[in-house]
Amino acid sequence: GKTIDPGKAGEAKKKGKRQRAKEGSQRALRRIQNMMSGVHRSPSSVKFNTSAMSSSFTEILGEVAKQFRQPDVVDERIQNHFIDEVMPTAPQLTIAEEDMLGRLKILQSTLLDQGKRIKSSLKEDVEKFLWREGGRVWAAYDMTVDNSAKRLLAHVLQFDTYEESALHKKSKSGQLTRVIRKNVDGTRGLIFRIGLHVPTVTNRLIEVWQTWKEEKSRHDQVSYIVGFVPMNDYQGSGFQDLSKDGYVLGETTGIYVIKEIAPYVCRVMRIQTVDLKASLPAAAINYIAEYKLTQANAMQERFRRNGNEVDKEVRAVLVKRMKEGVELDPGQKKVFEEVETLFGENGGGWEKLESPNVGVELQIKKKDQTGKSMSVAWGRAEAIADCTAEEAAAWYFGYCSRERVALDREKGNPAKLEIKKGMEKVNERMVASVKKMPFPLHNREFVGRIVWSRISNTTMALALVPVRDYRVDYGGGMGNLISGQTHAIFTSTNIESVGGVPQCKIEILQSFDAGGRVPVRLMNSKVPESVGIVGVMTNSFNKGDEIDKAEIASIAKIIKNEPQDYSDDENEAIRKGKELYNKCKEDKHFNKIESLDDRVKMKLVHVDGEGLVTGVATTVVDASVAECAACQFYVGSRELMRTKLKEHQNIIDYHIVPSNNHTKYIVQTRKLHHLLSEREWRNKMTWKCEEGDRVVIDVADTKDIIEDHPKKHGTIMSSAHAVWVFEPMKAVGEIQQTAVTFTIRANIGGSIPASIVNGIVPQFLSIVSNMREKFDKSKEIDNSNRLQLVKKMGNLQRQRAAVFTERFEDVEKARKVKDGLSTAQILMKEKGKGKGWGRIVLNVRAELNDTAAFFWDIKSRASTILGVNVAVVDDSEEKPFERTIKQFELLDGQLTGLHSVRRFSSKEKLIKTGRKSLVIATDPLNEEGKKIHEKFRKRERQE
């Protein structure tokens, strides 16, 4: 009948196992000691037991290995030792080593000339190749690895790690020989031999001589070359001391080229051939070669990091090079001349195009200088990016970055790759892509040459021209591709930063010729996608939140500290705004409307008996008056442009015209409903500080800018008058509080019934909730309030403990309730006639007083979010932990859809019953409490 804790039982079991292992080791050690000293306790007639001795050794060594085994740590230290100790002090290459590496470097040219791409690798991040030469099958891969070039070199060269040993033992060749000898004959090279299991034939033996060296390009790019050849090429000591019995000697030759791209990013190429001296079918050999190439995928995944971070690191290196600049060679100068001539001769005739990206202006050219329709699509895009000109140029130059390749694959395009010709230049790349076309058109192939140049201290330029008649190896299976051509010129210019965030202006001009017979309409439809790459770029560098924060802080500083001079018109606008605000505030005839935000109150008022309603929304914001006013005056925020304009309010055109620090004009066009014509608004917005640190913002109709922004054809002019009033309140701790009131009256114009217009007004009030959420500091405020309660608890006097548990001691027939709280114990019991009791017990990871303060603070923001509907009827500073409360509960009826609200009125106390015990006791009201409650209800009804 004894209860055993499973956790303790498991620990006891492990302890017993460790004790038995210890005792076994001690027994074995004593036996070995006896053997070593010549003292054997067995009878002299018993023969010496060598198997027992061997078993003892095995037992001890096995236990030692279990206690101290740390394979990952040891492997890392082996690699660190190679990087920190071996590489800096490696012996000079011998003539034989230099000769061997020199001969193997030719394999890179062989790969470029003869390598045949494996088509399946187009959808991977590893480029894979196979080819035959002189009866041998060669395999190669080329990929980016998210690790430093040095560490990858250490990974490639260190065969004597626990990991490599474990992989060998798990393979089918695990029981065959594996020997590694380093620094042979005083060189930096090594030799190794490994047995390979080959089905149906004799096991093969591969013996290899391997060495490495470091190289630097003229641009200080570091590369590491690792070469390996059969032992026949090594003139020093080999494996003459080891037997080859039971093996047939095979051969392997190859090279690794590891190039540093960034401090923690490198590119690795491996080219290798293996001759097993076996008559295997060509298909089988190809299969084995392809299977071996999958090791590249495993290596890449082993070191894979966040793709966007890797792209950023690679760009940083290129940005540094761009700041230094590179002199163009004659061929590169011709590239820029070609695009400048093309776009220079075809200026003008641009038409505005709807942009899918906020902040990106698109244009298209459909006709040439003579007015004829063009067979080639032309597009232009302009935008401001939150980065330097060099960063933008580096992003555009990164044609095969992780981000852009992923986007291309999402679109279903068959291929996107960089073509390597062996003599790459730091400012030039050759790229190819295959674009998917709609049925029945054939896919289009584009091969281009991209060159970058610094054309001034502030501006970078990139030119893209087509490469004609170049045959790209896609691995076959692409079908009938039709060659297309594209020209582009990309410029990025540094401009003034905003809030410490660098800014640059971007422009791209691009022509797009799909080749063959493609409808002009289809060609033009591809323009937004082609030049729309600017939108992808601006999103990639988007720092809108930082910029908005900085701009709001700047405007708030002006509102708070800088005096303003107002014209008569501006003062009159503020007067009218306050007049509308006061009328709505004083009007007692209003209709409350439901708000989706519990902390925002909304109502509709018919001012002066008008048919159109005026909407009013009020709330408290966790920010200063200046911050709140600045937030609303900053009508061109990135957040507004990114979300509200495009997603929620159907604003299709939006312009801001600044006037001075306290006034600006807003011109906007909205599509309120697909059955309604577009509506236009022209408003003048003015803010003004008043006595008591109050700020008023008036937004009213205006005709001041009608000449610069004339009414569009087919639109209907709408009217709106809105006013914001921001008033300071008592701070909560260090968090400032502002009472915010937003009043708006709108008339969308046209023959629209007032009832429909009145239904639209509440939608405008949601802006108040958006502002409240933007500055919300509920967690900080609740923490501050709880801290004050905890301080007051220090004055609680210990009282005699009441027998609270007696209320719930009747556990018979109580049912357990599961409520998603895995650590909670919940019991409930119904007694009938609307009576019952419940109990919940759970552990909270918080201090005792903090936990009690959380439950006592029923007016906290957290309680509001949780939907706790409790009000404090009576409390006092003299007795801070005694109060009268009322609570509302919505009870489900027995019949479906029938509910009733119950009001519970109670007296509540927080009591200290012990050094580590606090109790919140809730009891029904006594007669005195009921009188207080009735006064509260009377006042509530009057309100």
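What share of the contacts in the protein with a separation of 6 or more comes from residues 24 or more positions apart? The share is 62%. This value, like the others below, comes from a predicted model. The protein has 943 residues, and 41% of them count as buried. Its secondary structure comprises 24 helices and 35 strands.

Strand 8 (residues 248–262) pairs with strand 6, strand 7 and strand 9. With strand 6 (residues 204–216), strand 8 runs parallel, and three bridges join the two. Within this pairing, Ile 206 stands opposite Gly 250 of strand 8. Strand 7 (residues 222–230) runs antiparallel to strand 8 and is joined to it by six bridges. Here Val 226 faces Tyr 256 of strand 8 as its opposite residue. Strand 9 (residues 265–275) is also antiparallel to strand 8, with 11 bridges between them. Thr 253 has Thr 273 in strand 9 as its bridge partner. A hairpin of two residues connects strand 8 to strand 9.

Strand 30 spans residues 825–832 and is joined to strand 29 by two bridges. The two strands run antiparallel. Arg 815 lies opposite Met 828 of strand 30.

Two helix pairs were examined for packing. Two packed helices are described by the angle between their axes and the distance between the axes. Helix 16 (residues 544–561) packs with helix 18 (residues 625–633) at an angle of about 120°. Their axes are 8 Å apart. Angles of 65 to 115 degrees count as roughly perpendicular. The pair is therefore oblique. The crossing of helix 16 past helix 18 is right-handed. On the helix 16 side, the contact involves Ile 552, Ile 555, Ala 556, Ile 559 and Lys 560. Helix 18 contributes Ala 626, Glu 627, Ala 629, Ala 630, Cys 631 and Phe 633. By class, this contact holds nine nonpolar residues, no polar residues and two charged residues.

Helix 21 (residues 778–793) and helix 22 (residues 848–856) make up the other pair. They pack at an angle of about 115°, and their axes lie 9 Å apart. This crossing is right-handed. Arg 786, Leu 789, Val 790 and Met 793 supply the helix 21 side of the contact. They meet Asn 849, Asp 850, Ala 852, Ala 853, Phe 854 and Trp 856 of helix 22. The contact has seven nonpolar residues, one polar residue and two charged residues.

Helix 6 (residues 149–157) is mostly covered. Seven of its nine residues are buried. The buried residues of helix 6 are Ala 149, Leu 152, Leu 153, Ala 154, His 155, Val 156 and Leu 157.

The peptide bond from Phe 439 to Pro 440 is cis, with omega near 10°. Pro 440 sits in the loop that links strand 14 (428–435) and strand 15 (444–454). Asp 185 is a residue other than glycine with a positive phi, near 55°. Its place is the loop between strand 4 (178–182) and strand 5 (190–196). Asp 185 has a relative accessibility of 46% and so counts as partly exposed. Asp 469 also has a positive phi, of about 60°, and is not a glycine. The loop that holds Asp 469 runs between strand 16 (459–466) and strand 17 (482–498). With a relative accessible area of 83%, Asp 469 is exposed, as the cut-off for that class is over 50%.

Definitions and conventions
Residues are numbered from 1 along each chain as its sequence is written. This is a predicted model: local features need pLDDT of at least 70, side-chain atom pairs count only at pLDDT 80 or more; totals for chains, interfaces and linings use all residues. Side-chain values use heavy atoms; hydrogens and water are left out. Two strands pair if DSSP finds at least two bridges between them. Helices (H or I, at least four residues) and strands (E, at least two) are DSSP runs, numbered from the N terminus. Axes are lines fitted to C-alpha atoms, for helices over the stretch in contact, and angles run from 0 to 180 degrees between N-to-C directions. Angles under 35 degrees count as roughly parallel, over 145 as roughly antiparallel, 65 to 115 as roughly perpendicular and the rest as oblique. A crossing is left-handed if the near helix is turned anticlockwise from the far one by less than a right angle, and right-handed if clockwise. Contact means heavy atoms within 4.5 Å. Ala, Val, Leu, Ile, Met, Phe, Trp, Tyr, Cys and Pro count as nonpolar, Asp, Glu, Lys and Arg as charged, and the others, Gly among them, as polar. Buried means under 20% relative accessible area, exposed over 50%, partly exposed in between (1.4 Å probe, protein chains only).
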